[in-house]
Amino acid sequence: MGEFWPVADVLAHLAGRWRADRIVRDLASGDEGRFEGVTTFRPLDGGGLLHAESGTFTWQGVARPAERTLRFLPGARPGTADVRFHDDRPFHDLDLTSGRHVTDHPCAADLYRGEFTVLDPDHWRTVWHVAGPTKNLVLTTAYTREEHPEQAQGDTRARQRP
């Protein structure tokens, strides 16, 4: 898996439902946590995708529900995305036309550096390195496609038949 899989249109590629498995490592303490859940990319009115993630985050033996919402909007160039927090604050850009993208997000005194890689049509990964005065983390998420939008529509039609 040394090669990356180029994506001509990141929004079209991400649309659908993905299994998300995240490992969170605190490099300072050695603690490790895990998020297991689902990330769904649904169309937004006016273009783009709503990224809704929900699941369970376990840290130091304690499991809690966890969720987040992002907006993936059409980017400055065709096939790219402008990723924003749910309240419309900028998060990062995303260009997977080469199958790999590195981006930064400054957050107060911390710097988030993200690497996105597409492994094949149904698998992609993010690795975020977080560094700052009180943080030294690595968050690695593996995404596996569970459902294309066309499959969801097909399933709905099948359920609606008498």
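Reply: Strand S2 (32-43), S4, strand S6 (90-94) and S9 each put at least two residues into the lining of the largest cavity. Bear in mind that this is a predicted model. That lining runs to 14 residues, and the ones nearest the cavity's centre are Arg68, Leu70, Phe72, Phe116 and Tyr143. Sorted by class, you get nine nonpolar, four polar and one charged. The space itself comes to about 100 Å³, and the structure has one cavity of 30 Å³ or more.

Along with Leu14, Leu94 and Trp124, Phe72 touches the most other members of the largest nonpolar core, which has 26 residues. Leu14 ties several of these names together: beyond its neighbours within four places in sequence, Leu14 is in contact with Phe41, Leu49, Phe72, Leu94 and Trp124. As a general point, nonpolar side chains in soluble globular proteins tend to be buried together.

Now follow Arg68 instead, and you get to the largest pocket. Arg68 is among the residues nearest that pocket's centre, with Arg22, Phe91, Tyr112 and Leu139, out of 23 lining residues. The pocket holds about 530 Å³ of space. Its lining splits into 13 nonpolar, five polar and five charged residues. Strands giving at least two residues each are S1 (16-26), S3 (49-59), S4 (62-74), S7 (100-107), S9 (123-131) and S10 (136-147). S4 supplies the largest share, five residues. S4 also gives at least two residues to the cavity lining, as does S9.

Terms used. Residues numbered from 1 in each chain as written. Predicted model: local features only at pLDDT ≥ 70, side-chain atom pairs only at ≥ 80, totals over all residues. Heavy atoms only, no water. Core = buried A, V, L, I, M, F, W, Y, C linked by side-chain atoms within 4.5 Å. Buried < 20%, exposed > 50% of the residue type's maximum accessible area, 1.4 Å probe, protein only. Contact = heavy atoms within 4.5 Å. 1 Å grid on protein atoms, 1.4 Å probe; cavity = no way out; pocket = protein on both sides within 12 Å on 5 of 7 lines; lining within 4 Å. Points joined across faces, edges and corners; volume = space filled by probe spheres on them. Helix = DSSP H or I, 4+ residues; strand = E, 2+ residues; numbered from the N terminus. Nonpolar A, V, L, I, M, F, W, Y, C, P; charged D, E, K, R; others polar.
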